Amino acid sequence: MIHVNTHYRDIAESYLFSTVAKKVAAFTAAHPDRSVIRMGIGDVTRPLCPAVIEALHAAVDDMATAAGFHGYGPEQGYDFLREAVRGYYGERGVSLAPDEIFISDGAKSDLGNLLDLFDQNNTVLVPDPVYPVYVDTNVMAGRRVIYADANESNGFLPLPDPGVKADIIYICSPNNPTGAVYNKAQLKCWVDYAVDNGAILLFDAAYESFITDPDLPHSIYEIEGARRCAIEVCSLSKTAGFTGTRCGYTIVPCDLVFDGMCLNKMWTRRQTTKFNGVPYIVQRAAAAVFTPEGQRQVRETLAYYRRNAAVMTAAFDEMGVWYTGGKSSPYVWFRCPGGMDSWAFFDRLLETAGVVGTPGAGFGRNGEGFFRLTAFGDADKTAEAMERIRKAAF
Ligand code: PLP
């Protein structure tokens, strides 16, 4: 008789976005004349840049000719894109071998798939609050998950506790949901902890392109020692609007050797066995992001979102509200005014200002009392939302 993976019973039901959607639907039904501004979603809204669109069209035309047609490609990605990613890292002084770069269909898939490399019997450390994928993918596999408290007193940037024993550690910087960004000294603490304990860091750099402070690290490999303890997962979703087009990259250094086994070789084997690569058309589009023209254009879009974030943080500064993020991140994470809990504030914000955000409690125990707004929306609507919030004077 078949036995199913009963660990699926242990995954907490996620009511966060469905509850938000239900509450918004009920509000708009009751108040059809009220305008609602949505600042809860983590999806981007600006179109793909012209360089990407041109590359997509050209790649489609390639596929229409026998000479330009591409069938199965290399599972790890085409050389033209791996070289482009290598050049991007090189600009920041991070030197990678081409076979350390694996093209993916986005960060989420690889964050789950990478766990194929690790025994079930590892302890996983995630920050709380957290991007829920880190927790659920491990609970599905029956791994023990423990939490590092992120809170106002550590600026939502927890550091390693030498008394805690963890084997797989997730770090997301700039962080979703808090927008907080680790500096080099703080990341060095995590790298040292991992090296000392024989642990692996899974570094999620999905929001690296939002960093504006030149002293903040974009990649874990800017930290000495990281090649011996870290895998980095990155994505073009937020950098270049690829949330629907789907392309990312994962770095697995050849120096990662545990139990006498090389993780780079294992991952290559895993990918060639279970993955057949990202579409040629999409990889051509992704390569266009790394051209000088593509970089100039995606930076314009990033600047658009950054202006939204600046409007948001300026309003909170004026109101004297405590927050993290917004500076090198598209997320602003703030303390709910008047000591309100996150869901009470959600209702209040919707009723008084017609603004939708995401209650921090949905991201973990430490998110209670906090709230996330995103800068991915329309500029005029973002400005209007902040004006309404200011007027509401909670
Ligand atoms: N990592 C973090 C922290 C995210 O917030 C997201 C998406 O919101 C992802 C990864 C997933 O990115 P992708 O679209 O590349 O799968």
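Biologist: Why is R296 called partly exposed?

Modeller: The relative accessible area of R296 is 41%. Buried means under 20%, exposed over 50%, and partly exposed in between (1.4 Å probe, protein chains only). So R296, at 41%, counts as partly exposed. This is a predicted model: local features need pLDDT of at least 70, side-chain atom pairs count only at pLDDT 80 or more, and totals for chains, interfaces and linings use all residues. Residues are numbered from 1 along each chain as its sequence is written, and side-chain values use heavy atoms, leaving out hydrogens and water.

Biologist: What makes R296 and E293 a salt bridge?

Modeller: Their closest N and O atoms are 2.8 Å apart. A salt bridge needs a side-chain nitrogen of Lys or Arg within 4 Å of a carboxyl oxygen of Asp or Glu. So this pair qualifies. R296 and E293 both lie in helix α10 (residues 292-319), 3 residues apart, about one turn of the helix. Helices (H or I, at least four residues) and strands (E, at least two) are DSSP runs, numbered from the N terminus. Residues three or four places apart in an α-helix point the same way, because it has 3.6 residues a turn.

Biologist: How do you know that K188 and E224 form a salt bridge?

Modeller: The N to O distance between their side chains is 3.9 Å. The limit is 4 Å, so the pair counts. K188 is in helix α6 (residues 184-197), while E224 is in the loop between β6 and β7, 36 residues apart.

Biologist: Is E224 buried or exposed?

Modeller: E224 has a relative accessible area of 57%. The cut-off is over 50%, so E224 is exposed. K188, at 26%, counts as partly exposed.

Biologist: What makes D255 and R227 a tie between parts of the chain?

Modeller: Their side chains meet in a salt bridge of 2.8 Å, N to O. D255 lies in the loop between β8 and β9 and R227 in the loop between β6 and β7, so the pair joins parts 28 residues apart in sequence.

Biologist: Which residues have the most contacts inside the largest nonpolar core?

Modeller: They are L201, I220 and Y249, in a core of 61 residues. A nonpolar core is a set of buried Ala, Val, Leu, Ile, Met, Phe, Trp, Tyr and Cys residues joined through side-chain atoms within 4.5 Å. Helix α9 (residues 280-289) gives the largest share, 6 residues.
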